[in-house]
Amino acid sequence: TLLQQQLSETKAEMIGAINTALCNREMQSPPTPDTLIDQLASTASPNSAGGQVMVLQRAEKSTPVPDAATLQCYKTALTLNLGDIPVNHVKCHDDTGKLTVFLPDNAAKKLAEKAIVAPIGYTLQSKKKMLPKLTISGIPQDIFDDDSLVGDSPEVRERQKKLIQQLICAKETSVKNLHDAGHTLEVVYIRKYSNYSGDRVLTVAIKVSPAIRRAIKELQND
């Protein structure tokens, strides 16, 4: 098969070079802007707004998970299949045997669907379009000073998330208008902790629509 021919022609040096090029990404320290909107805009990833995801996974869950070396060979063959098609990242999941392909847009996804040759016993699936996820840190915990917002029960957590969502919408009319029109603005999680100064603060993660992300970015640039 085409896959077997590709694997037989692949050298160990090529595997290492391809994996290094795909997997090694520069890590950046998170910014620390002053305002809520500044924090949202500075953490938005420009590649995630139109990103697409495709997953190669075992057709039968009962089959054994390939070992790490085999997965790396699959990844190398996958990279060869993709050729010059734009790809953001390819990730191996050693625990499940999955290979995830992150693509910049729908055009790249359509090309990849035609180019990818699934390993024997694997199927190729498309996942839902990714939404940008933004992180806000350093929010004072005293925004939860109302008795109905104290505690860690699921009901209290939902009320806390709702409050943060309302505060973001109240901060900027353009964001509120988009949310009212049905665009996604969802608090994914809340983490409570004390910072180095001993202040009790929050870190929250927000999932937003591409339109809200763009609105936030424009506010940052004004």
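Leaving aside neighbours within four places in sequence, Gln165 is in contact (heavy atoms within 4.5 Å) with His179, Leu185 and Val187. Gln165 is placed in helix α6 and is buried, with a relative accessible area of 13%. Buried here means under 20% relative accessible area, exposed over 50%, and partly exposed in between, computed with a 1.4 Å probe on protein chains only.

The model is predicted: local features need pLDDT of at least 70 and side-chain atom pairs count only at pLDDT 80 or more, whereas totals for chains, interfaces and linings use all residues. Residues are numbered from 1 along each chain as its sequence is written, and side-chain values use heavy atoms, with hydrogens and water left out.

**Overall composition**

The chain has 8 helices and 7 strands. These elements are DSSP runs numbered from the N terminus, with helices (H or I) of at least four residues and strands (E) of at least two. Of the 222 residues of the chain, 36% count as buried. Among contacts in the chain with a separation of 6 or more, 69% are accounted for by residues 24 or more positions apart.

The 18 residues of α6 should span 26 Å at 1.5 Å a residue, and the end C-alpha atoms of α6 are 26 Å apart, in agreement. The expected span is 1.5 Å times one less than the number of residues in the helix. Besides Gln165, the buried residues of α6 include Val156, Gln160, Leu163, Ile164, Ile168 and Cys169.

The axes of α6 and helix α7 (residues 173-180) come within 5 Å and cross at roughly 125 degrees. That makes α6 oblique to α7. On the α6 side the contact is made by Gln165, Ile168, Cys169 and Lys171, and on the α7 side by Thr173, Val175, Lys176 and His179. These residues divide into 3 nonpolar, 3 polar and 2 charged.

Axes are lines fitted to C-alpha atoms, for helices over the stretch in contact, and angles run from 0 to 180 degrees between N-to-C directions. Angles under 35 degrees count as roughly parallel, over 145 as roughly antiparallel, 65 to 115 as roughly perpendicular, and the rest as oblique. Ala, Val, Leu, Ile, Met, Phe, Trp, Tyr, Cys and Pro count as nonpolar, Asp, Glu, Lys and Arg as charged, and the others, Gly among them, as polar.

**Salt bridges**

Side chains of opposite charge can pair when their charged atoms come close. A search of the whole structure finds 5 salt bridges, each defined as a side-chain nitrogen of Lys or Arg within 4 Å of a carboxyl oxygen of Asp or Glu. Some of them are listed below.

| Salt bridge | Closest N and O atoms |
|---|---|
| Arg157 and Asp152 | 3.4 Å |
| Asp152 and Lys192 | 3.6 Å |
| Glu158 and Lys161 | 4.0 Å |

Asp152, Arg157 and Lys192 are linked in a network of salt bridges. Asp152 forms a salt bridge with Lys192. Asp152 lies in the loop between β5 (133-140) and α6 (154-171) and Lys192 in strand β6 (residues 185-194), so the pair ties together parts that are 40 residues apart in sequence. Lys192 is partly exposed, at 32% relative accessibility. Glu158 and Lys161 are both in helix α6, where, being 3 residues apart, they are separated by about one helical turn.

Helix α4 (residues 68-82) has 15 residues and reaches 21 Å from its first C-alpha to its last, close to the 21 Å expected at 1.5 Å a residue. Its buried residues include Leu71, Tyr74, Leu78 and Leu82. Just after α4, Gly83 takes a positive phi of about 55 degrees.

Val101 is found in strand β3 (residues 98-103) and is buried, with a relative accessible area of 1%. Not counting residues up to four places away in sequence, Val101 touches Gln52, Val53, Met54, Leu78, Leu82, Val87, His89 and Val90. The C-alpha atoms of Val101 and Leu78, 23 residues apart along the chain, are separated by 9.2 Å.

**The loop residue Ser209**

Ser209 lies in the loop between β7 (200-208) and α8 (210-221). Ser209 is buried, with a relative accessible area of 6%. Residues up to four places away in sequence aside, Ser209 touches Leu131, Pro132, His183 and Thr184.
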